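Hello,

I am handing over the structure we talked about, which you will find just below. Please look through it once before you read my notes, and keep it open beside them.

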Amino acid sequence: MTDDNMINLDMNENQYGPASSCLEVLKHATMDMMYLYSRQKPSSIIRMLSQKYDMPEQNILLGNGSEDLLKLIFQVFASHGKKMMLPYEGWSFFKDLCKEVDAKMIEYPVDELSDRWHYDMNKILPLYKKEKPHVFMACCPNNPTGNSFSPDEVETFLKESPETIVIWDQAYYGFTEYDLKEDVRRILEKYPNVIVTRTFSKYYALAGVRIGFGFAGEKFGVLKKYNDRYLGFNRLAEEVAKAALSAEDYYKTISAKQMRDRDMYFEELSRIKGVKPFRSEATYFIVRLKPEQWSLLKDELPKRNIRIKFIKDIEFPFFVRISLGREEQNKLCLDAIKDVLRIPPASDGKGLAGFHERP
Ligand SMILES: Cc1ncc(COP(=O)(O)O)c(C=O)c1O
């Protein structure tokens, strides 16, 4: 329940919410969980993640969301003019972080193919070899374009880049086929220059609890030191996250629904003239609109209590990004988009007659 009646499909939250066992944890929270520091070293969530991913505890990082970890990583490794290579058609937050820590941004392209976006290693590797950046950011899936490097492409890149710190942002881990096959421990053992960041915000639907985690290769003792908390982490958040990790069946069911709705959106939006949706491996997708459609939706959707993201970055002119909601929310959003784009021409003749081709 939010403080308004809006359907919030603008910030890549998971609208199904967490497993009910997460709320039970809070209902049964005890006073000491609030007034005492944790005395568990390492914290119990680190132990649980260690077992789940077969990862030594000393390689696991924790943060207030993966945003917190990413900020720390940028501050430690990319500050003071160091070269950071990241996607041009990427998340503006990373570019802001680069500016914040005074990193030198080297941007690699994300290519638009017919129905999806794509990282082209044939372009990225030569640029990498030319620039030799200190840090390379691989956002998989990329926000907002929704594409990933395949595991083979990641390995190809890692073989070429032992001297570079590779940040592999997997905030949307759990929504692709690849994820299930990938063995993060093996990758870190083979490539100790990799830091993987993940989060409880997306797959586990705990964005408001702010808990993220990461896996850092052996090279990153210093990062682990900065990340360790003498007085412990957030005890309540840890307990909630542990309950989520124990509720995999629930999460599998809702992620399957999300994937179905992602396909449904794509099929439906593809039929509307002037509207170009792109396939995505994440829980959001982008859509290119005609300028008039973009403006119309921007005016009209909030009136229908629907929020989607109207991207304002120059890399994405007249794009929106829609986060997957619950099935009924997705249907309402889709119906509203269709309805708005059918608005009949205004009497001054500036309307949108003929904009929409009915299926
Ligand atoms: C690509 C990507 N990485 C990281 C994050 C950070 O998420 P959180 O701080 O909730 O873990 C987000 C949030 O939207 C994201 O889109």
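Leaving aside residues up to four places away in sequence, Asn14 touches Ser201, Lys202, Tyr203, Ala205, Ile254 and Gln258, where contact means heavy atoms within 4.5 Å. Please keep in mind that this is a predicted model, in which local features need pLDDT of at least 70 and side-chain atom pairs count only at pLDDT 80 or more, while totals for chains, interfaces and linings use all residues. Residues are numbered from 1 along each chain as its sequence is written, and side-chain values use heavy atoms, with hydrogens and water left out.

Asn14 sits in the loop between strand 1 (7-9) and helix 1; helices (H or I, at least four residues) and strands (E, at least two) are DSSP runs, numbered from the N terminus. Asn14 counts as buried because its relative accessibility is 8%, and buried means under 20% relative accessible area, exposed over 50%, and partly exposed in between, with a 1.4 Å probe and protein chains only. The side chain of Asn14 also reaches the backbone oxygen of Tyr203 at 3.4 Å. This is a polar contact, that is, a pair of N or O atoms within 3.5 Å; within protein, one must be able to donate a hydrogen and the other to accept it, and residues adjacent in sequence count only if both atoms are side-chain atoms.

What surrounds the ligand? There are 14 residues around the ligand, and the closest are Ser66, Asp169, Thr199, Ser201 and Arg210; a residue is counted here if one of its heavy atoms lies within 4 Å. Helix 4 (residues 65-77) gives the most to this shell, with 4 residues. A polar side-chain atom of Tyr172 lies 2.7 Å from an oxygen atom of the ligand, and an N or O atom in the side chain of Thr199 is 2.6 Å from a ligand oxygen atom. For Ser201, a side-chain N or O atom is likewise 2.6 Å from an oxygen atom of the ligand.

Finally, please look at helix 11 (residues 235-245), which is mostly covered, with 8 of its 11 residues buried. Among these buried residues are Ala237, Glu238 and Val240, and what covers the buried residues of helix 11 includes helix 1 (20-27), helix 3 (44-53) and helix 12 (248-270). At the start of helix 11, a side-chain oxygen of Asn234 comes to within 3.1 Å of the backbone nitrogen of Leu236.

Best wishes
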